[in-house]
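Please go through them with the coordinates open.

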Amino acid sequence: MKRYFGIFLCLTAVLGAVVFAVKKWGEAKFEADKALSEIRLKADYLERVSWMRSMPSEVAYRSELGAFLQWYFAQTDAHIQAFNLNPQLDDYLKELSWAGSSIDRLEERKKVYEDVRSVFDLMQKGRYHPQWSASSQGVRLDVLSTRTVVEKGENKIRYQLVIWGLPRIRTEDRQLLRIHNRASFRAQWRMFDLKGKLIAEMRSVGDMAGRVDWPERYVSMFPADVTLGYYDVDLMPSNAETVEISFNIFSASLTGGDMRPAFVWKQTIPPEWRLRPGEVWEALPVEKLSSVQ
């Protein structure tokens, strides 16, 4: 009996090794299949989004945008279900929770997540309807919304922007991955009275506020190659009737050249954007409010 005991132990060890190897092989195959699915999803997305970015007609863009986003999120839902991923896509918040008080600027990081998540939810739920959109040099700029806000005790007009297609680079510092673009942004507002006379101008100082180059860092399935940000500007003179807004982007391409997409939006000024009669207009600098990434 004892002589069989040794054989039994050997067989048990071999069987255990086989089970362990099969388990590891299954885990490796699962991870490989997930990575391959992610690559295919991104490749299909990048192929389709290139046309959405460069579409010259705003009317055509609006008509196709809903179908494009519906297709994209159907693919992401299938990927999430196939690999049993977190359907809430709030892993970033869990990461902050695990880090606890050891992480710096915690509330600011949560605020960035909430801002990114609000845009993502609009896209995912079929409610992404930009107020204005234009394409230049293969880059698309959406003015997602404009609204009046109170910032530092002052009434401001907030222009929320979504920019598609700026080239991004990957850098690693102390094993910390960062994905960002090398673009700089400038904006100008030229205001005209009822007769078309230029009566006031404003220019941005520095970058967009709340700029996020890598939304996927916060919400993993956020569409790729999108930059978010906003401008807060003063209310306009009471006698201003129309405004010409220029958004200019300066970016190095991945091949070494320069990209200079430019966008001009002309519109009638809504009443809520104007000062009351008698209030003195004095433009303050359009400030940069940095975000965390």
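**Notes on burial and salt bridges**

1. In this predicted model, S37 counts as buried because its relative accessible area is 18%, which falls under the 20% limit. The residue is placed in helix α1, which covers residues 2-54, and, once neighbours within four places in sequence are left aside, S37 is in contact with H79 and F83.

2. The structure holds 20 salt bridges, and one of them joins the side chains of E95 and R217, with an N to O distance of 2.7 Å. Since E95 belongs to helix α3 (residues 91-99) and R217 to the loop between β8 (209-212) and β9 (226-234), the pair ties together parts that are 122 residues apart in sequence. E95 is partly exposed at 35% relative accessible area, and R217 is likewise partly exposed, at 25%.

3. A salt bridge of 2.9 Å, N to O, is formed by the side chains of K111 and D115, both of which lie in helix α4 (residues 106-124), four residues apart, or about one turn of the helix. K111 is partly exposed with a relative accessibility of 42%, and D115 is partly exposed with 33%.

4. D234 and K156 form a salt bridge in which the closest N and O atoms are 2.6 Å apart; this pair links distant parts of the chain, with D234 in strand β9 and K156 in strand β3 (residues 154-164), 78 residues apart. D234 counts as buried at 9% relative accessibility, and K156 counts as buried at 9%.

5. Please also look at R190, E201, R203, E244 and K266, which are linked in a network of salt bridges.

Terms used:
Residues are numbered from 1 along each chain as its sequence is written. This is a predicted model: local features need pLDDT of at least 70, side-chain atom pairs count only at pLDDT 80 or more; totals for chains, interfaces and linings use all residues. Side-chain values use heavy atoms; hydrogens and water are left out. Helices (H or I, at least four residues) and strands (E, at least two) are DSSP runs, numbered from the N terminus. Buried means under 20% relative accessible area, exposed over 50%, partly exposed in between (1.4 Å probe, protein chains only). Contact means heavy atoms within 4.5 Å. A salt bridge is a side-chain nitrogen of Lys or Arg within 4 Å of a carboxyl oxygen of Asp or Glu.
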